[in-house]
Amino acid sequence: MDNKDQEKDSLYLKLIPYFDRYGILLLLLIMIVVMHFLQPDVFLSWRNVTNVFKQISWQSMLALGVFMVIVTAGIDLSVGSIMMLSLMILAIVAKAGAPWFVVAMTPLIAGLICGLINGLGITILRMPHPFIMTLGTLYIFRGTGNLISGGTPISGFTDEVRYLGHGRIDLTWLGLEKSQYLPVSLVLIAIVYIIFWVFMNHTRTGKWIYAIGGNPSAARASGVNVNKILVIVYSLCGFLSGIGALILAGRTDSGYPNAGLQSELDAIAACIIGGASFFGGRGTVLGVFAGVMIMGILRNGLNLMDVSSFWQQVLIGSIIVLAVYIDVLRRDLGTRK
Amino acid sequence: MSSINQLLLEAKSVTKYFGTITALENVNLKIHAGECLGVVGDNGAGKTTLMKVLSGLYKPSSGSLYFDGKKEILESPKDSQELGLEMVYQDLALAGNLPIGENIFLGREPTKNLGFIKLLDFKKIKELTDAHLGKLKINVKSADQKVEELSGGQRQAVAIARSTAFNAKVVIMDEPTAALAIKEVGKVLDLINSLKKTGVGVIVISHRMDDIFAVCDRVMALFQGTNFAESELSKTSRDEVIGWIMGKK
């Protein structure tokens, strides 16, 4: 190999980490530009952009929870059911006439408890894989939600309860028009994602979550209480699903039996598209956000262009396969054999 | 007696049963400061069980452990770590997805306070890592390099560096050269020698006579869970030690 080749090679190798870290954002940017050219009047309008954020609001909570679980090399199939059960409990408590702050707290506590059940089941019952425990609770939680509500929708919440999912922050004081408001759910997404970014990257617990995904026996040998961390992770995942339920309550003004049906698959898809590895230890909070956005924009853009939802399914599936294939290629290049 | 010969750790008549199986029977072991003890034995001779007893992973069925002359009962590996005993595991026990520095400090990361929240102090991790790797003369491109990007020998060096980053007095190494390319074995053996010079007591479990004779001062053989033979290295030979492993004196 002559010098020129070597230089080219090393430049290429130097670019890999950046591509690794920001490649997904590049993809997101490309999608936005393409959509803008396809739908120049609508796509980047205030109304449509806020719409996208409102649509992804509760999914982004589930995806963030599932992401932490995937980093530990686990999986949580029950997030959609946790959200549905939390939503049903919220609806029942609201119908019973509880004050709004009690109503708003119930899905968070219910979600946390559901997640705790998952975590304890995986660690104490020593399930061979989290897939099994959370597959079980996928059915258990949704069944419970239907049992307590009789399988019928319960509608009508107060404005305070609906604030996170339905609230608007007025921006007329900035000289904007009345229709150009900021959805509260967008601000909530930003706050929650920043908190969890700090948690995953700048705290010891976050580091240990990555270490468990990288090599659980290394974490154990270093004195990390692996089971305790796993219980925390699954509990937080349930808690985030509870936040999702609160947002959904605001958006739909009702608790309904089909809430969050199959949304665990969307959450997993967003994580995978965002670069989280199923083998654990790999992935970023920013990547998950990009994954959620890509799925949201894809659905929104295809809806704007009147493409059938069947095509949406085909496209999202293709993107999952493509994203993971890119990850496989990256692995071949980046890791020393 | 000079401090270099100070007795760091002693195991007295350690016995360990697993159900009806006797893994160890009345095994004794001593390790002094600045000394390297080689532990040899065939598969199933009880080497690994003995090391797990020393590190607190297993509780002995009977017998006792003395750290610095004081009798201690270990409830978990954390207890032995606090007493200055560290293990370097055969599977290296490193998280490949984390950088070198974060592996070295895994479980004991330095933090800084931001209000009431404790955040990782990455600057301190890097400084301490650079200083520690420098002390042990371990060469890596950067402390921020991920462990999965390192060669087998570099990984072993990082594992050894991790075990000694917290003022360890005794380091136990399980087959430290087993997974390495030949050219890297020498570097790891050099590292063990420089550890000895810092006053650490090193216990090396190995099948490789070359390793034992390159770094150890004393060698002991286990056979079917018992002390079979023990000698100063200078007073024995390869053939004799190989004989011990097979149960011949």
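These legends accompany several close-up views of a predicted model.

**View 1. Where chain A and chain B meet.** Here we look at the contact between the chains, to which chain A gives 20 residues and chain B gives 22. On the chain B side, α2 (77–82) and β8 (117–120) are the elements that supply two or more residues.

**View 2. Helices α3 and α4 of chain A crossing.** The axes of α3(A) (residues 79–95) and α4(A) (residues 100–124) come within 8 Å, at a crossing angle of roughly 145°. The crossing is right-handed. From α3(A), the residues to look for are I82(A), L85(A), S86(A), L87(A), I89(A), L90(A), V93(A) and A94(A), which meet V102(A), V103(A), T106(A), P107(A), A110(A), G111(A), C114(A) and G115(A) of α4(A). Twelve of the residues in this contact are nonpolar and four are polar, while none is charged.

**View 3. Inside the largest nonpolar core.** This core has 153 residues, and those touching the most other members are A63(A), V66(A), F67(A), L87(A), A211(A), C271(A) and V288(A). Helix α10 (residues 226–252) of chain A contributes the largest share, 15 residues. To follow one member, take V288(A): beyond its neighbours within four places in sequence, its contacts are A63(A), L64(A), F67(A), A270(A), C271(A), G274(A), A276(A) and G283(A).

**View 4. An open sheet in chain B.** Four strands with antiparallel pairing lie in the order β2-β1-β4-β5. At the edges are β2 (21–32) and β5 (70–72) of chain B; each has a single partner strand, so one side of each lacks a neighbour in the sheet. On average, and ignoring direction, neighbouring strands are turned by 25° against each other.

**View 5. Strand β10 of chain B and its partners.** Five of the five residues of β10(B) (residues 201–205) are buried, so the strand is largely enclosed by the rest of the structure. G201(B), I203(B) and I205(B) point one way, V202(B) and V204(B) point the other way, and all are buried. Strand β3(B) (residues 36–40) runs parallel to β10(B) and is joined to it by four bridges, with L37(B) opposite I203(B). Strand β9(B) (residues 170–174) also runs parallel to β10(B), through five bridges, and V171(B) stands opposite V202(B).

Key
Residues numbered from 1 in each chain as written. Chains lettered and ligands numbered in written order. Predicted model: local features only at pLDDT ≥ 70, side-chain atom pairs only at ≥ 80, totals over all residues. Contact = placed C-beta atoms within 7 Å. Axes fitted to C-alpha atoms, helices over the stretch in contact; angles between N-to-C directions. Left-handed = near helix turned anticlockwise from the far one by under 90°. Nonpolar A, V, L, I, M, F, W, Y, C, P; charged D, E, K, R; others polar. Core = buried A, V, L, I, M, F, W, Y, C linked by C-beta atoms within 7 Å. Buried ≥ 20, exposed ≤ 12 C-beta atoms within 10 Å, placed from the backbone. Pairing = 2+ DSSP bridges.
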